[in-house]
Amino acid sequence: MTIRYIFLFLLALSCTRMLAQDTAGVPRKPDTGYLVSQVGQLEEVVVSDGYGYRRKLYSAGATDHIDSALLSRSVSMNITGRLENLTPGLLFNHGDAASTDAFLIRGRSTIYANAQPLIVLDNFPYDGDISNINPNDIESVDVLKDASATSIWGARAANGVIVLTTKKGRGRTPQVSVHSTVQLQGRPDLFNVPSVSPSDRVTLDSILFEKGKYDNALGSPYNGPANPVAEILWQYKNGEVSNTLMRSALDSFRRYDVRNDISRYLYRPSLFTQQAISINGGDKDYNYNFSFGWDRQLPSLEGQQNNRITVRYQNNVHLLDWLHLQGGVMYVQNESLQGHNEGYNLGQISLRGLYPYARLKNDQGSNVPLYLSYRKGYIDTAGNGLLKDWNYIPLDDITEEEHRQELSDFTANAGLELAPWKNFTLSARYQYERQVGTGTDLYKEGSYYARNLINNFSNVNIASGSVTYGIPPGAIQDNNDTYTESHQGRFQVDYTNAWEGGLHRVNAMAGYEIRDRKVGGKAFRYYGYDPEYGTIATNIDYTSQYPRYASPSSSSSIDALQSATQQTDHFLSSFGSVDYTFHDYLVLNGSIRKDEANLFGVSTNQKGSPFWSVGTGWILSKTPFCQIPWLPFLKLRLSYGYNGNISRLASAYTTASYGNAWIGPLKSATLQSPPNANLKWEKVGMLNAGLDFSILGSRISGSVDAYKKNASGVMGSVQLDPTLGYSVISTGFYGNVASMKGNGIDIKINTVNIQGVFSWQSLFNFSYTSTKVTDYLMPESSNGYNYLASTAIIPVKGKPLFSVYGYKWAGLDPQTGMPRGWLNGEPSEDYTSIYQVPLDSMTYKGPVQPTVYGALMNSFAWNGWTLSFNISYKFGGYFRTASMNNIGMLNYWSGHSDYAKRWQKPGDEAHTHVPVFEYDLTSSAKDDFYKNADVLVQKSDMIRWEDLNIAYQWPLKVKRRMSSLKIFVYLSNIGLLWKANDMGIDPYYNGVPKEKMACAFGLDFKF
Amino acid sequence: MKNKSMIWPLTGLVAIFTMLTSCNKKDFLDTKPDISLVVPQTLEDYQALLDNDFLMNGLGNGPVGLTPSDGEIASDDYYIMDNAYSTLSLPNQNSYLFNTGYITTNVLSWNYPYANIAVSNVVLDGLESSTRTSQNSSQYDNIEGSALFYRSHMFYQLAQLYAPPYDASNAETLSGIPLRLHADINEDLQIGSVQGVYDRITADIKRAIPLLPDTALYKNRPSKIACYALLSRTFQTMHLYDSALLYADSALNIKNALINFNELNTSLTFPFSQVKYANNPEVIFACVMLYNPWPIIVRGATARVDSILYSSYGSNDLRKGTYFRAASPSGYRFKGSYDGKDYLFTGLATDELYLIRAECLARKGAVVESITTLNTLLQARWKEGTFVPLAALDAQKALDLVLDERRKELYFRGLRWTDLRRLNTEGYNITLHRKLNGEDYSLPPNDSRYTYPIPGDVKGYHSNW
């Protein structure tokens, strides 16, 4: 089948080339896709939905068109990053909320399914990694929001659709565009991570030493590790160091802060360069676009780099007035490399965390080891020198690991358009894509990871001085190969006609589509690997149990780390749409689509109802009897329809697993999941009402949309009727059992405040979104603590999917400084009981994601100079902040800076909510209550200055061609203007290093 | 010019359209979405599903069991010590005191049989899309017959708890149990009449008979003889004694072996060989009673045999020492399961067929034949040389003797509850009594509590049941 596809593609391409030469003199069809929107000229905008182009004026859908001028205003490696703050309804989450949904359109209407909008590149959904697409290749982006605009995409469109339209060839003479950008960004601010001060920690560790907390670790070389304070006090106690030496050591610890070392040696200023060149041209029958892009990123973590090369070639031929061919290829090579650099997380995953007074280099400037897992005394003597060096030196280790990810993506497309009869166009399109990823994680022989693993699987015979290795010495490499391969084909008929001099106009379309996508991969590990000669140790015993050298009482087997996966999506779809325009002012849109897929149940494929939408638009300002003089343009829109969402969690198939029967030598199989012939997509209905307007001679224009969403058949985990027979296998199955509701408002307003030589324009976006789970057929847990993980999926009826709850806070006990919650209406310190209160006894603070968001962009222009800046705002979201963890500070070596703000004497409760610190190792209930108390939940409301762009453009004439040179400076991540919380936390950087402002310089040259 | 240049593009269009439509649509949409899924679709897969003896027979190491225990728990063959009562789960406590109307959730006596039925349905639905050929016919038939047998067996077991006792006079009008007959979880489940349930059971077993071999290689697998034995038991439950006799004879014609208890080492903790080793010649089809929720009453450690019943075994009756041993601090506990372990065997065995045959013969007045059949069984149960053959003057005496021996032979085989329902329907007037902490509890004959209610969580899905 693949061969057939490729043959077809080659055929199409060769036709294009061959016929391009001898078809002069035929008038070219207008390419409507290139029109650029200008403020105040809404009616000229052309929107692509992936199946065709439609003038926005005659569309009933809620769509937004972002043109290349806006897209190229910001600097980023990925196209998605450039859409932020430009259109209402499209939310990008940052900070804690980013782990819920990175970006989404009009709120989340699914529980377990993917909530990301469908990305369409020209005509087909893009199956590769979105970061493969070079933003410089994109001419415009259409964001489709309501059912009327999206439901032609059916089962995959409930999250909205983002259509990327690539640059096409145009013009008669070849035009060359060169684009070059350099972006610099300072080291992130590590002091934004709230860490207990080294001095406080040294004092605390001295006290803990006195209390005997470190006795176990210090008593035996096997137990351990111990931090430097404990080590020096132990040496002093044993008379190995003098009092003076001990005191001066402790004093010197107090002066170090490891964040200085981490910032200095693990981070660097980051650099991003982007070079792009494109050539496009042709004649009136043939055009082409060739582009090449090279992006290079040196991120702020030492040892990291990313490189991307993109090559694209696209051509179109108008062979005859009724025949149009197109073909193109795109190739992307994406490479990223990382060393072993955990950045600010250094040592956090080790046994006890990292003490704040650690150092990465000594006074002489050499890299020093950290004793996070084993004590120095143990490392120096273990194995009598026969083992590999067991020291962990973080700065040396950076280059001892190489984590490389190489991705190559090849996309080819071919299309053919025929107009054999009047009013009809037949077209066939095909796209092939193959993305191959090669991931290697190389732990060199000298890496701590390899040495530690080899040592632990070693057996040392001290008498004979020999070592037997479970894992052969050498490097270790994890290999992770992935691939995505897809074929998409489409056959489409378009019909256009007008009657009575344009009184009635009809554009209709129908088609059939096939889609086959495979995603797979395999992972495997090399032991005893020699990267230089490619030799691999093969005689590994994966079944035997080996005692671990450092803890001989426990044993484990060597992990083979092998796996293989493959997933297949098969879709067959048929679709159609009709646009009817009456008298140029009344618009009716309708669409219908039926999807069948191997992800659905049999009866859904056979009988499932299709997706549909209807929409109507009424352009009042063109209606003869409705002219309003001060309102040069007014259009009302109303649409309703359905879209779907697909989840891979549920299976329509009977599945089973194999084992052995108890009787005899029989093989036995156990059912795992029931057959579900009715398994289907999640269905989201959307009602949208909107208006587009312009007033004051088009000085003010914009659109307002209000919508309601109703999601049914949302995938959820359910308990089945035991009579169905599956309750003894599992307590939950995924099925179409939940419902969600949402509503919101999108407003976009353009204003031309000053017109003339000096001009000032503003673009204002406002979005309100609220969604909640309305029905969920699963018993709610009686314990509220199950709902505390605010970014995990734990649906509660009547609440947004991601919500922040907290225990009701009753303040600190004025006498003891103990935290108090509420139990049976009284302040209480019975933490175990408070911890188990039901959800309705807890405070519901609100959603994790903001409900109100938008941006205001102002642009000024004067004599070739332009200056623009964007200010964004977000309201309505909540996040949980960390604080002192009492038992954590006793058991670990790190801690939160709130330790300094703890209650210490009566009266302190007036200005702090951090509880008293006590030496109590018995229960974590107090900490569990305090860290989830509502007093630690903050609003994430904020206003940010996002960016600033200053550019100057020279009009040039090179060899009589229109040319131009533009240079620009672009500042981004400028900073917070206002935030709601009074804890000094930037919600984008809660407990993580704060990114600095980035500064980019660039030039665009066209000739 | 125009015509000529249209050839290429039109060819292309036709090629694309042909390609789009020529793919086999069903295969295309039936492709597994994930290779890690094991989707049962071959005869080997189906056989393996049925050979899951944990679910289909309740067997295994530390199994949960299969056949409902709630009937045995409310029966009269045993009692428990007062202090053991408080250690029981609430549903067990209620069943013990005949409060069988107690509605609870997660009822294993319901859930496990229906899990077993789901497997049979997956297999039976799957067979519809497999082709029976001359090469695979015996394998295909065996799978189909086995699935029908397993499902009928479960419907029978469920009917003993959740359907009212069978009585031809009202079987058409009273509600039975839901008959789940398809694999799809969207099946519309309804409850029909008691008659419908028994008709389905007998019809399906009869369908299975020609598909199965006379006997099975492994005790977990169904066979013709198992079908005959189960049909015989079913017709007995329906008071259709002529039919019960017919099928008991059909079964015994294939196999009539009995264990001579004189050859057993009765001092063992478990005198019978484990079904796993297939050494017990009487076992036709193996399965065990549900053993959870822990601790369940009807197990050796907790239950004490009813003292009157215990004393009714003759001193030379070897069953006395084979079935029971002295318990601490007093009384006697059961150790004689044909499962060969602590789990209660509730499968099919030849001794039950001898007793059905004897009962049916007595009921039709064949006194001599009836007593001869009974004596053949008892001969194998008594100490060598001590057994004095029984004799009866009339049919009623013969029947009484057979029913006495039936209770003594089939102790803790999950049959007493059905017998109580059946005999009381025929006017035997057996009232059950319990004594706990000085209080008396009783269950009069034909009480509505002889039918268990549908579990609460199941009701939640079907408000009309």
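**Aromatic pairs and the A–B interface**

A:W978 is partly exposed, with a relative accessible area of 39% (buried means under 20%, exposed over 50% and partly exposed in between, with a 1.4 Å probe and protein chains only). This is a predicted model, in which local features need pLDDT of at least 70 and side-chain atom pairs count only at pLDDT 80 or more, while totals for chains, interfaces and linings use all residues. Residues are numbered from 1 along each chain as its sequence is written, chains are lettered from A and ligands numbered from 1 in the order in which they are written, and side-chain values use heavy atoms, with hydrogens and water left out.

**Aromatic pairs**

- Over all chains there are 76 aromatic pairs (rings of Phe, Tyr and Trp, the last by its six-membered ring, with centres within 6.5 Å; planes under 30 degrees apart are stacked, over 60 edge-to-face and the rest tilted).
- A:W760 and A:F860 form a stacked pair, because their ring centres are 5.6 Å apart and their planes stand at 20 degrees.
- A:W760 belongs to strand β32 (residues 758-775) of chain A and A:F860 to strand β38 (residues 852-862) of chain A, so this pair ties together parts that are 100 residues apart in sequence (strands are DSSP runs of E, at least two residues, numbered from the N terminus).
- A:W760 is partly exposed at 29% relative accessible area, and A:F860 is also partly exposed, at 21%.
- The pair of A:F875 and A:W978 is tilted, because the ring centres lie 6.1 Å apart and the planes are at 40 degrees.
- A:F875 sits in strand β39 (residues 865-875) of chain A and A:W978 in strand β43 (residues 961-979) of chain A, so the pair links parts 103 residues apart in sequence.
- A:F875 is partly exposed, with 25% relative accessibility.

**Charges over rings**

- A:K799 lies over the face of A:Y844, at 4.8 Å from the ring centre (NZ of Lys or CZ of Arg within 6 Å of the centre and within 35 degrees of the ring normal).
- A:R902 lies over the face of A:Y899, at 3.9 Å from the ring centre.

**Interface of chain A and chain B**

- The contact (heavy atoms within 4.5 Å) involves 68 residues of chain A and 67 residues of chain B.
- The two chains bury about 6000 Å² between them, 71% of it on carbon and sulfur atoms (accessible area, 1.4 Å probe, lost on being put together and summed over both parts).
- On the side of chain A, the residues losing the most area to chain B are A:W662, A:I663 and A:T723, together 14% of what that side buries.
- Strand β23 (residues 563-582) of chain A supplies eight residues, the largest share of the side of chain A that touches chain B.
- Zero salt bridges are found across this interface (a side-chain nitrogen of Lys or Arg within 4 Å of a carboxyl oxygen of Asp or Glu).

Notes: Helix = DSSP H or I, 4+ residues; strand = E, 2+ residues; numbered from the N terminus.
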